[in-house]
Amino acid sequence: MRDYPSDRVDLRSDTVTQPTPAMREAMASAVVGDDVLGDDPTVIDLQNRMAEMLDKEAGLFVPSGTMCNATAIRAQTEPGDEIITEKYSHIYIYEGGGFAALSGASVALVPGKMGIMDPIDVAKAIRKGDGSLGHYPNGTLVCVENTSNRGGGTCYPLQTMDAIAAAARDRDCRAHIDGARIFNASVATGNDAARIAREYDSVSICLSKGLGAPIGSVLVASSEIIARAYRWRKMFGGGMRQVGVVAAAGIFALENNIDRLAEDHTRARGLAEAIAAMPSYSVELEQVQTNMVYIGCKEGGADGLVASLAQHGVDTLTIDDSTIRAVTHLHITDDDIDRAIAAFDASQ
Ligand code: TLP
C-alpha cells in the first residue's frame with residue numbers, strides 16, 4: 001500500500017521518500033537538546049549508533065550528503081592538495097565543485113568500469129609534490145563511491161575496496177568512502193558495512209536516500225578526524241540546534257529500513273529486465289545491482305521520453321541526451337513497477 005499522498009510513480013530518485021507515519025511519530029516524540037551546545041541526546045545517540053555500525057570511533061550528524069563529503073574532504077586535505085576520484089563520481093559531477101571552492105583542492109580523475117575504479121589506476125593517479133620539481137600537487141585523499149551512482153548503482157567487490165585503500169595508504173594518502181548508499185551495497189553483497197569500510201579513514205552515509213529519512217547524513221571516522229570535521233561543519237553553516245527531531249528519523253531508518261532495501265533491489269531488477277526486453281531501449285543488466293536502472297534511448301530522446309512517461313504518471317530523471325534514470329525506494333510497490341513497465345511500453 002502506498003504510504004504517502006501521491007498517486008504518481010516517482011522514480012526520479014530515492015531522495016524523494018517522505019517520512020512515513022511511524023517515522024513522523026518517532027520524530028514528534030524525540031527528546032531534543034541544543035546540538036551546537038552538544039546536549040541533544042537523540043543526535044548523540046544517532047552518531048554513536050552509526051559509528052558503532054561502521055566500527056569507527058566517532059560520528060558527526062550533518063544536513064546533507066554533499067556537506068558530509070565536503071567536511072570529510074576539508075578535514076583531510078590542505079588547500080593545494082589533490083583528491084583522487086572516479087570520473088563520474090558524485091563528488092566531481094554533482095557537488096558544484098565544492099572540493100575546489102571549499103577545500104582549495106584540485107582533482108585527479110580516474111576511469112571506472114561501471115563506476116568501479118581499478119586499484120592500479122588509483123595508485124597511478126596519486127601524485128606527490130616531492131621529487132616533481134614542485135610541479136605536482138600532493139594527492140592526499142582518495143574518494144571511493146560505493147554504491148556508484150553513475151555506475152548504475154554498482155557495488156565494489158570487497159577485495160577492490162581493500163586494494164584501493166592499500167594503494168592510498170602506501171602513498172601516504174587517506175581514503176574516504178562516499179557511502180551515500182553503503183547499506184544498499186551491504187544488503188546487495190551480503191558484506192557488513194563495517195567490513196566494507198574497514199580499511200577506510202572516513203565514510204559519509206546518507207539517511208535521506210533509500211533509508212527514507214527526510215534529512216541528514218552521518219560522517220564516521222577516527223575521533224581526531226571527526227574533531228576537525230566538527231569545526232568545518234560549523235564553518236560551512238551546518239551546526240544545527242534542536243535537530244534531534246531529525247536525528248530521530250535517522251534512528252528510525254537504521255532500525256527499520258535497512259533490510260528492506262533488498263525489496264527495492266528486486267523491484268529495480270524486475271523493471272530493468274522488462275525494459276531491456278523492449279526494442280526501443282537498452283539497459284546494461286550487469287549494472288543493475290541495487291536500486292537503480294539507467295535506461296538508454298535514442299540519441300536526443302531522453303527529455304521526450306521523460307515527458308512521455310510523466311504523462312503516464314511515471315516520473316524519471318534525464319541523465320544525458322540519450323539516458324534516463326529510474327530509482328526504486330520505499331514508496332514503490334509491485335503495482336507501481338507494473339505501471340512503470342506499461343508506461344515505458346506505451347512510450348516506445
Ligand atoms: N545524489 C542525488 C543527486 O544529487 C544526483 C541522486 O538523486 O542520486 N553521494 C552520492 C553518491 C549521491 O548519489 C548523492 C545524492 C549525494 C552524495 C549527495 O547527497 P545530498 O543530496 O544529500 O547532498
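A residue is called buried when its relative accessible area is under 20%, exposed when it is over 50%, and partly exposed in between, with a 1.4 Å probe and only the protein chains counted. The legends below describe a predicted model, in which local features need pLDDT of at least 70 and side-chain atom pairs count only at pLDDT 80 or more, while totals for chains, interfaces and linings use all residues. Residues are numbered from 1 along each chain as its sequence is written, and side-chain values use heavy atoms, with hydrogens and water left out.

**View 1. V288 in the loop between α12 and β11 (292-296)**. With a relative accessibility of 8%, V288 counts as buried. Between the C-alpha atoms of V288 and K298, which are ten residues apart along the chain, the separation is 20 Å.

**View 2. T266 in helix α12 (residues 261-276)**. The relative accessibility of T266 is 56%, so this residue counts as exposed. From T266 to A248 the C-alpha to C-alpha distance is 28 Å, and the two residues are 18 apart in sequence.

View 3. The ligand is located in the largest pocket. A pocket, on a 1 Å grid over the protein atoms alone, is an open set of points with protein on both sides within 12 Å along at least five of seven lines, and a molecule sits in one if more than half of its atoms lie within 2 Å of its grid points. There are 15 residues around the ligand, of which S13, T66, H90, D178 and R181 come nearest; a residue belongs to such a group if one of its heavy atoms lies within 4 Å of the molecule. Helix α3 (residues 65-76) supplies the largest share of this shell, three residues. By residue class, the shell holds two nonpolar, seven polar and six charged residues, where Ala, Val, Leu, Ile, Met, Phe, Trp, Tyr, Cys and Pro count as nonpolar, Asp, Glu, Lys and Arg as charged, and the others, Gly among them, as polar.

View 4. An oxygen atom of the ligand lies 2.7 Å from a polar side-chain atom of S13, and for an N or O atom in the side chain of H90 the distance to a ligand oxygen atom is 2.8 Å. In the side chain of K209, an N or O atom is 3.0 Å from an oxygen atom of the ligand. Of the 510 Å² of accessible area that the ligand has on its own, the protein covers 83%, as computed by the Shrake-Rupley method with a 1.4 Å probe.

**View 5. S89 in the loop between β3 (82-86) and α4 (90-93)**. S89 has a relative accessibility of 2% and counts as buried. A polar atom of its side chain lies 2.9 Å from the backbone oxygen of E86.

View 6. Most residues other than glycine have a negative phi, and most peptide bonds are trans. M114, in the loop between β5 (112-113) and β6 (116-117), has a positive phi of about 50 degrees although it is not a glycine. D172, in the loop between α7 and β8 (174-179), likewise has a positive phi, near 55 degrees, and is exposed at a relative accessible area of 64%. A cis peptide bond with omega of about 5 degrees joins N146 and T147, and T147 lies in the loop between β7 (139-145) and α7 (158-170).

How values were computed:
Helices (H or I, at least four residues) and strands (E, at least two) are DSSP runs, numbered from the N terminus. A polar contact is a pair of N or O atoms within 3.5 Å; within protein, one must be able to donate a hydrogen and the other to accept it, and residues adjacent in sequence count only if both atoms are side-chain atoms. On a 1 Å grid over the protein atoms alone, a cavity is a set of points where a 1.4 Å probe fits but cannot get out, and a pocket is an open set with protein on both sides within 12 Å along at least five of seven lines; lining residues have an atom within 4 Å of a point.
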